[in-house]
Amino acid sequence: PVTGVQTCALPIFFNIPNANPAIPQVHTIALATASPEITQPVSIDGMTQPGSSCGELVKAAAGGGIADNNTPHTVKIEVTAININPAQRTNVFYFAKTANKSSVRGMAINGSRGTSPYPKQRNNVYIAASNVTMSCNYIGTHADGASYATHESTDGSAGVYIELNTDDIVIENNLISGNDGCYGVNFAGASNNPRLHKNIIG
């Protein structure tokens, strides 16, 4: 993990060339080994990849209820742990307590692995930091938002696992589906002022 003191989020942008610029393709980052903990604030923005767009998955109708003209995300960056041996017990993203004010936007995140009895070791996203925002993501599915990635974890794993004593976690405008443990979003305990807004979970 990166060490040191960092007070603002390090931006991570994408601009991966496409074989045909007129038809932007999905670029998959397949982890070969368990990913390290994120120990400093980062802003991972998949929406910077050409061809990406953030839709509105849950749109309120003018007269109340949910509108029928919701729009999907167009995701062009996928990060998966599907090729990792389950014995390695890995999360795809792990935000340690020192990674406050991090964010992830516009990604497909899937394939977390693990047969460990400890749920913190086998989730697509594990959040121990505060002020973390997840938005415009597909968590548990491929970039098409429809097909599921294999998720080999025992019961208790989650699409998003939120550690206790975290503050101001925002989970907004995501599809969280295809996570084969028990939970789409799992709060391990008390969390202050969390915001789950306009997600599709199931």
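1. The protein chain exposes about 9300 Å², of which carbon and sulfur atoms supply 54%; accessible areas come from the Shrake-Rupley method with a 1.4 Å probe, and for residues only the protein chains shown count as cover. This is a predicted model, in which local features need pLDDT of at least 70 and side-chain atom pairs pLDDT 80 or more, while totals for chains, interfaces and linings use all residues. Residues are numbered from 1 along each chain as its sequence is written, and side-chain values use heavy atoms, without hydrogens and water.

2. Of the 202 residues in the protein chain, 48% count as buried (under 20% relative accessible area; exposed is over 50%, partly exposed in between).

3. The protein chain has 18 strands and zero helices (DSSP runs numbered from the N terminus: E, at least two residues, for strands; H or I, at least four, for helices).

4. Four strands form an open sheet in the order β5-β8-β11-β15, with parallel pairing (at least two DSSP bridges between two strands). Because β5 (93-95) and β15 stand at the edges with a single partner strand each, one side of each is left without a neighbour in the sheet. Within the sheet, β8 (residues 125-127) pairs with β11 (residues 158-162) in the parallel sense over three bridges; Val125 has Val160 in β11 as its bridge partner.

5. Phe187 lies in strand β15 (residues 183-187). This residue counts as partly exposed because its relative accessibility is 32%.

How values were computed
Buried < 20%, exposed > 50% of the residue type's maximum accessible area, 1.4 Å probe, protein only.
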